[in-house]
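I opened my notebook beside the viewer and jotted down what I looked up, one topic at a time. Follow along if you like.

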Amino acid sequence: MRIRITALFMSLLFVFAAGCGQITTDTEDDWLEKAALNVDISEEELYKAALKEDVLIVYTVSTRTVQTKEAFEKAYPGLVVEIRDLRSPDLVDKVAENFAEGRTSCDVVICNDNSGEFKSRLVDTGAVVPYLSPEIKTKMKDGHVGECISFLDEAELLFYNSRLFETQPISNIWELTESRFSGMIYIPNPLRSFSTYAFIAATFDHADELEEAYKSWCGCDFDRKDGTAPEALWKEISKNAVFTNSSDEVMEALNTDKAMLGIMISSKLRYKNMGYGFEPAYRLTPFTGCRTTVSVMLARNSQNVNSAKLFIDFLLGGADGTGDGYKPFRTPGAWSARTDVGDGTDTPLSEIDLLYPNADSMIARKDEFYKFWSECLKDQTNR
Amino acid sequence: MKRYVAIVLILLAFVIQTGCMDRSQPSALRVALPYSDHVLDTKTNYYIEYLENKTGLEIETVIVRQDDGEEYLDALFASDSDIDIVFFGEDFVIDEETAKNYADKGYVHTAEDGTFWYPNYGSRTTGDCGQILWINYEWLERLGLSIPTTTSELREVLFAFKNNDPNGNGLNDEIALIGSTEDYCYDPAELLLNSYVYNDPYNNRLFYGGSGALRLSTEAAAFREGMVFLRGLYKDGLLDTRTFSYSLNEMNEVINANIDIVGAFTTDFISNVIYQANPEVLARYIHVAPLAGPEGVRYSMYREGKPMVGAVINARSAHISDAERLIAAMLSEEASLIARYGEPGVDWERSDGSDVSIYGTISTIVTKNYIWNTPQNKHLNGIGPMYVPDVYLKGVTWNGLNSDAEYVDARAQVGYSDHLPERRYQGTFDAETASYTDRYIYSFITGERDVFDDNEWGTLVQSVSERTVR
C-alpha cells in the first residue's frame with residue numbers, strides 16, 4: 001500500500017511538473033525518476049492521474065492502432081488519443097530528431113524493431129524506454145521483455161497469387177531469379193521498409209544455406225567469383241522485381257493479378273479473409289522470410305506518462321490479456337507475445353521457414369547494405 | 001438578397017482597408033489571396049521572397065478572409081481598390097466560365113494572346129481515373145464479409161450494412177451507400193453503370209464502340225440493365241435517398257461525422273471527401289476495385305486532369321505588365337516546384353532514381369520535409385498560378401504517413417487504371433443535354449418514372465440521342 005501511495009504521489013508530482021512546461025535535458029534523470037517506470041501502480045490510480053494530463057500522442061506503424069485508440073477512449077472516458085500512422089523509417093527519423101533537439105513530439109512509440117535502426121537510434125540513445133506493468137510482464141513470452149517491449153510477432157515472407165496458382169508455385173528461393181517471374185515479383189523498397197530490409201540483410205548471415213539451396217536448384221556449385229550467394233541472389237531477384245513503397249501495394253498487386261509473387265508483412269493476411277487472392281508460402285528452401293517483432297515503448301520526456309502507461313497496458317490486453325486493446329492485433333498473420341493469449345495465426349512460427357535477424361549484425365553492416373541496395377535499385381529503375 | 005448584403009459588407013471592408021493602407025509604395029504589386037491555415041505569414045514567406053528576388057518586383061499581399069471567389073470579385077470590381085492580381089486556391093475558387101464573364105465585361109484583363117486567366121495545375125491530386133468506390137473496411141471486418149468484386153456481391157454487402165448494425169450502436173442508422181449529385185464523381189450511380197457499359201458523363205456519355213464508331217451509353221441495352229440494378233438498390237434503401245439532394249459538403253459532413261454511419265461512397269480523390277485532420281475516418285475506408293457486372297464488364301471512368309483558375313489580373317491595374325511578368329515566373333518549372341514542394345534541397349530534392357514514387361514509378365522528386373497541407377511558410381500551399389508537370393506530380397515519393405490522402409488516392413488510381421477504356425473520347429461538355437439526361441436518370445432510379453416501361457425508356461433513349469452532338 002505504501003508503494004502505491006508513494007507511486008501516486010510521484011505521479012501527481014509528475015503531473016504538476018508537466019504542467020509547468022518543458023522538461024529540459026538537464027533534468028532527464030529527474031524525468032526517469034518521476035516516471036516511476038518500475039513501480040506498480042494500479043489501473044485506477046493511473047487513470048485518475050491520466051485525467052489530469054494532455055492528449056496522448058501515439059506514433060505507430062500500424063493502422064490497427066486506430067482501433068485500439070477507439071477502444072481505449074471508450075474504456076477510459078475523458079482520455080483522448082491522437083494517432084500518427086507512419087512508415088518505420090519516418091517514425092524513427094521523427095522521434096530521433098525531436099529527441100536530439102530536446103523536444104518531445106509523442107508519448108508512445110509503436111514500431112517494427114528489426115532493422116537495427118530502431119535499436120541504434122532510439123533504444124540505445126534512450127529516446128524511448130521500456131514500460132510494462134509488473135503483472136503483465138510475468139505473462140510475456142521469453143525474449144519479449146528487455147530493453148524493448150515486443151508486444152507482437154509478425155513475419156516478412158513470401159506470398160503467392162492464389163488466383164493464378166492453386167498451389168505454391170516455387171519451393172526454392174533461387175526460383176525467384178527465373179525469367180518466368182520477370183516483372184511479377186513485388187517487393188517493398190528495402191531502404192524504406194524495415195521488415196523487408198531485415199529479411200534481406202538477415203540472408204547475408206546465411207550464405208552457406210543459400211549456396212546449398214543453389215546447388216539443389218541448379219545442380220551445380222555456386223561460383224563465388226562475382227560475389228557471395230546472398231549478393232547474387234538479390235541482384236538477380238532485383239531484375240525480376242517491382243519495388244513498392246509498402247506491403248499494401250504488394251497486397252494490392254497480388255489481388256489485381258499484377259503480381260505473381262510478393263514479399264510483404266504477414267499481418268496483411270487479415271485481408272485474405274476479406275477476399276483478397278493471396279496465400280503465404282510458409283515452406284521454402286532455405287527460408288521464406290524472417291521473424292519480425294513490433295515494439296511498444298514510452299517516449300523519453302513524455303509529458304503524459306500516466307496516460308502512456310495506461311495505454312501500453314491496454315494495448316497488451318490488460319492484466320488478463322482479454323481487453324479490447326490487443327484484439328485488433330490478434331489477427332491472421334500475427335503471433336501473440338503473451339503466454340496466456342493465443343496466436344492470431346493457426347500455423348505456429350516454428351513451422352515456417354524463417355530467419356531470426358541479428359540486429360547487432362545489421363547495425364554493423366548498415367553502410368554496406370545501403371550501398372548494395374542503392375545499386376540494385378538503380379539498376380532496376382534504369383532498365 | 002443575402003448575396004447583395006454580402007457584397008455591401010465586403011465593399012465596406014474594402015473601403016476601410018483601402019483607407020488604412022500605406023500608399024507610399026505605389027510600385028508594389030498588390031496581390032489578393034485567400035487566408036489559409038497552412039500559410040503562416042505571407043510577408044515572410046519563402047516563396048514570395050523567391051519570386052521577389054527572381055523578378056525584382058515588390059509583392060504586397062492582401063489576405064482575403066472569405067470563401068466565395070465570385071462574391072469577392074464582385075466587390076473588388078465595384079470598389080476602387082487597387083488590387084492588381086487575385087490568386088485563387090483551397091476553397092476560394094472560380095471556374096473558367098466565371099473568369100470569362102468578368103473578362104467579357106472588361107473587369108478582368110485579357111492579354112494580347114487572349115489569356116484572361118492563369119492556370120493552377122498541381123495543387124490537387126492528379127490521376128486519370130475519375131471515380132473510385134470506397135467501402136467501410138471496419139464494417140466488412142465486423143460482419144465477416146469479403147470485399148465485393150461484382151455488382152451482385154456489392155448488393156449483398158450493402159444489404160448487410162443496412163440491416164446488421166455494423167456500427168454496433170443498436171440503432172438502424174447505417175447508410176449503406178451515399179452520394180451527391182454536385183459532381184458526377186460523387187454519384188455512385190455513375191460508377192455502377194460502368195459495370196454494364198462504358199459510361200462517361202463528363203464527355204456526354206459518348207464512347208468508342210468495338211467497331212471504332214462513336215456510341216452513346218444510353219442507347220446500349222446494358223445501360224438499362226444497370227438502371228434496373230440501381231432502381232433495385234434505391235427501392236430497398238441501399239442507395240440512400242439523400243444522394244440526389246445532398247451537396248458535397250452535406251455528404252462530407254455525414255461521412256466525417258464522429259458516429260460511424262456510412263458504408264460506401266464514391267469520389268475522384270478521397271482528399272475531396274475526408275477532412276484533412278481526420279486520419280481515423282480515412283483509415284476506415286479502403287478502395288474497391290472496379291466491380292464486374294453480370295456480363296463481366298468493369299470499366300473505370302477516364303477523366304482528364306484540367307488546371308483550375310489560379311489567378312486573374314484586374315483590368316484596372318496600373319501594373320499589368322509587371323503582373324504578367326510575375327505570373328510568367330510563377331508558371332516556370334522552377335517556381336512551380338517550390339510552390340508545390342517547398343525549398344529545394346531542404347524540403348525536397350531531385351531523385352537519384354533509387355526511390356519509388358507514390359504511383360509505383362521511378363521517383364523524380366524526393367520529399368525530405370513533407371509540408372503540404374501543414375502550417376508552414378515555404379510556399380502558398382497551392383494558392384495562385386502554378387504548373388507542375390505530371391512527371392513530378394506522379395513521380396513524387398511517399399512521405400511515409402499512412403494517412404496521407406495523396407498516397408491513398410495514388411494506390412486507388414493504380415488499381416483502377418487497368419480498367420480504363422483503350423480509346424477515349426474527349427468532347428466539349430454539353431451542360432444542357434447532361435442536365436436533361438441526369439434528370440431522367442434520377443427519375444428512373446427514384447421510381448418517379450418506371451424503368452420497366454418501354455415507352456418511358458424509349459423516350460429517354462430517343463431524346464438524348466437527338467440532343468447529343470457526335
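What share of the contacts in chain A with a separation of 6 or more comes from residues 24 or more positions apart? I looked it up and got 78%. Before going on, I reminded myself that this is a predicted model.

**Entry: chain A as a whole**

I began with the secondary structure, and chain A has 14 helices and 12 strands. Next I looked at the overall dimensions. Along the principal axes, the C-alpha atoms of chain A fill a box of roughly 70 × 40 × 35 Å.

I then turned to burial and surface. In chain A, 59% of the 383 residues count as buried. The chain exposes about 15,200 Å², and carbon and sulfur atoms supply 48% of that.

**Entry: the domains of chain A**

Where do the domain bounds fall in chain A? Domain 1 takes in 2-152 + 292-336, and domain 2 takes in 154-290 + 348-381. I noted that each domain is built from two stretches of the chain. Over C-alpha atoms, the centres of domain 1 of chain A and domain 2 of chain A are separated by 32 Å. As for how they meet, 21 residues of domain 1 of chain A are in contact with 25 residues of domain 2 of chain A.

**Entry: helix α4 of chain A**

I picked one helix to follow inward, α4 (residues 65-75) of chain A. Its buried residues are Thr65(A), Val66(A), Thr68(A), Lys69(A), Ala71(A) and Phe72(A). I was pleased to find a lysine, Lys69(A), on that list.

In chain A, the peptide bond from Thr285(A) to Pro286(A) is cis, with omega near -5 degrees. Pro286(A) sits in the loop between β9 (278-280) and β10 (289-299) of chain A.

In chain B, Asp165(B) is not a glycine, yet its phi is positive, about 50 degrees. I placed Asp165(B) in the loop between α6 (151-163) and β6 (175-177) of chain B. Is Asp165(B) buried or partly exposed? Its relative accessibility is 25%, so Asp165(B) counts as partly exposed.

Asn373(B) also has a positive phi without being a glycine, this one about 60 degrees. Its loop runs between β13 (365-367) and β14 (386-387) of chain B. Asn373(B) has 23% relative accessibility and therefore counts as partly exposed.

**Entry: Asn167(B)**

I went back to the loop between α6 and β6 of chain B, which also holds Asn167(B). Asn167(B) counts as buried because its relative accessibility is 17%, and buried means under 20%.

Which residues is Asn167(B) in contact with, leaving aside its neighbours within four places in sequence? I listed Trp139(B), Arg142(B), Asp173(B), Glu174(B), Asp260(B) and Ile261(B). I also checked the spacing to Thr42(B), which is 125 residues away along the chain: the two C-alpha atoms are separated by 44 Å.

**Entry: chain B as a whole**

The C-alpha box of chain B is roughly 70 × 50 × 50 Å along the principal axes. Of its 470 residues, 57% are buried. For charges, I noted 37 positive and 71 negative side chains in chain B, with the centres of the two sets 2 Å apart.

Methods
Residues are numbered from 1 along each chain as its sequence is written. Chains are lettered from A and ligands numbered from 1 in the order in which they are written. This is a predicted model: local features need pLDDT of at least 70, side-chain atom pairs count only at pLDDT 80 or more; totals for chains, interfaces and linings use all residues. Side-chain values use heavy atoms; hydrogens and water are left out. Helices (H or I, at least four residues) and strands (E, at least two) are DSSP runs, numbered from the N terminus. Buried means under 20% relative accessible area, exposed over 50%, partly exposed in between (1.4 Å probe, protein chains only). Contact means heavy atoms within 4.5 Å. Accessible areas come from the Shrake-Rupley method with a 1.4 Å probe; for residues, only the protein chains shown count as cover. Domain bounds come from an automatic or database domain assignment. Lys and Arg count as positive and Asp and Glu as negative; His and the chain ends are not counted. The place of a charge is taken as NZ of Lys, CZ of Arg, CG of Asp or CD of Glu.
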